[in-house]
Amino acid sequence: MKKILVVDNNEMLCRLACDILRAEGYRAVPASNAAEALQAFEEEEFDLLVTAFQMPGMSGLELARAVRNRSPQFPVIVMTAFEPVESEHVTLWLPKQYLFPNLLEKIHYCLTGVKPESEVIHR
Amino acid sequence: MSSRPSQDRSIALAEATAQPLDATRHGDATTEVEAFLRSRVVGQDAAVDAVLELYQIFLVGMSPPDRPVGNLLFLGPTGSGKTYVIEVLAEALFGNPHAFIKVDCAEFQEHHEIAKLIGSPPGYIGHMHTQPILSAEALTRWQTEKLKLTLLLFDEVEKASESLWQLMLGILDKASLTLGDNTHVDLSHCLIFMTSNVGAPEMSRLAEGGLGFAVQEPIKDANLDDKITRIANEAARKKFSPEFMNRLDKVVVFKTLRPDQLEHILDLELAKIQRRIAGAVGANHFTFRCTPEIKLWLLREGTDPKYGARHLKRVIEKSIVYGLANLVATSQVKAGDCVSIGIKADGTLTFAKIATAASPESVSEELPSEVLAED
């Protein structure tokens, strides 16, 4: 079972997203900020990181950079309500306005390499 | 011989003053499980009765020694809830609907695939690396101090290969299994379920009113369930060997679900979603309610005579849950809010906030004009 770390300071969204991912057969672990996420990475191994872009303290982009410094090819999906920015540390950007079911397609793509049907990927 | 009349009198007196007993009553533990099952399983009382009977026998320690607690074969149309009954039982007993071992018989078509179930013998590739699905550890994984019971499901048993059949016959008869490393596993604490769709094409034909491309009205036959029961039993007798059928404690044929039962299932599924939201989000959750129109739409999209309620969960997940999650993602819904979900004439889903944490009294039966999100 693939293990996904979901990071968002919107606790309701974070937990709801984890619940949906679990219903899809993933093991999803919630974290409410980047520090908590990095702590989780210290303790467990994950297959994918899904993080919000803007968070108090360390941003999602900084978190992605920290994770990629440890593991350069690690897949990272960043959810954002804003315009995506150019970053070599992000595998896929995903607009929050169209989170579901797009997030599931993107996760599937990141974990299997199979491209999603609808292309709303911003690199 | 002289004591005979007085003995007879004593027996007559004892019978006259005997306290009547009720052998149909369940103990407290079974009653709790029964209440849970009956509140969640719709239209399949025979299956619930069969499960409860075996569970009660197990609880009082009267299950036959050296045999599984029970061997149950569930037959019936797809989407009628065969696996669901086991999930609900697992939730009732262990608080987790996934607390059972599932062996998907279709995955064991080749002889060598049996190694996944019992482990590879010493010297073979994978020995010591493959954890057998039916190891002693796996069988006790969900057991608790109070309840030493394991639920084991052989799904789509008609697809089992010859090797799997031989293995299953041994398990059903002696509750014993020899693993690849020659250790023995005791399955006498297992309640074994087998599900099968044998006779499914004939059942579908009955439920749909015929085969072919023409859209036909489903048969409105009062004896439909009797006919389906007969078809399922006949198909099982044809498909399965007598030695298999003789090892079964009960054969339950699941009924086709009536429209009112499907509506009840929809309400249960929606309540489950609300509990999921509360469970995932905690005390500060939001609530939702569905208009009669969206309920009708969900029933139309998620159920049909051929597949029963099979797709209902998926349709609810895609339309209701994803929609609500998107509202949360865009901060349109917050803790304490109440969202009304409806549908327009063109089939577009509508989400509207009918109450907020600050104004709980504003909940009304009327649909508000403000539409927050459209799917």
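Trainee: Which residues are buried in α3(B)?

Mentor: Let's start with the idea: a residue is buried if 20 or more other C-beta atoms, placed from the backbone, lie within 10 Å of its own, exposed if 12 or fewer, and partly exposed in between. In α3(B), the buried residues are Ala47(B), Ala50(B), Val51(B), Leu54(B) and Tyr55(B). This is a predicted model, in which local features need pLDDT of at least 70, side-chain atom pairs count only at pLDDT 80 or more, and totals for chains, interfaces and linings use all residues. Residues are numbered from 1 along each chain as its sequence is written, while chains are lettered from A and ligands numbered from 1 in the order in which they are written.

Trainee: Where is Thr78(B), and what does it touch?

Mentor: Look in the loop between β1 (70-75) and α4 (82-94) of chain B. Two residues are in contact if their C-beta atoms, placed from the backbone, lie within 7 Å. Leaving out residues up to four places away in sequence, Thr78(B) touches Asn197(B), Ala200(B), Tyr307(B), Gly308(B) and Arg310(B). Thr78(B) is partly exposed because 15 other C-beta atoms lie within 10 Å.

Trainee: How do the domains of chain B meet?

Mentor: Domain bounds come from an automatic or database domain assignment, which for chain B gives domain 1 (28-256) and domain 2 (260-374). Eleven residues of domain 1 are in contact with ten residues of domain 2. Helix α8 (residues 200-208) of chain B gives the most to the domain 1 side, with three residues.

Trainee: What does pLDDT tell me about chain B?

Mentor: It is the predictor's confidence in each residue, from 0 to 100. Chain B averages 84, and 87% of the residues score at least 70. Over residues 210-218 of chain B, however, the pLDDT is below 50. Where pLDDT is low, the predicted coordinates should not be read in detail.

Terms used:
Helix = DSSP H or I, 4+ residues; strand = E, 2+ residues; numbered from the N terminus.
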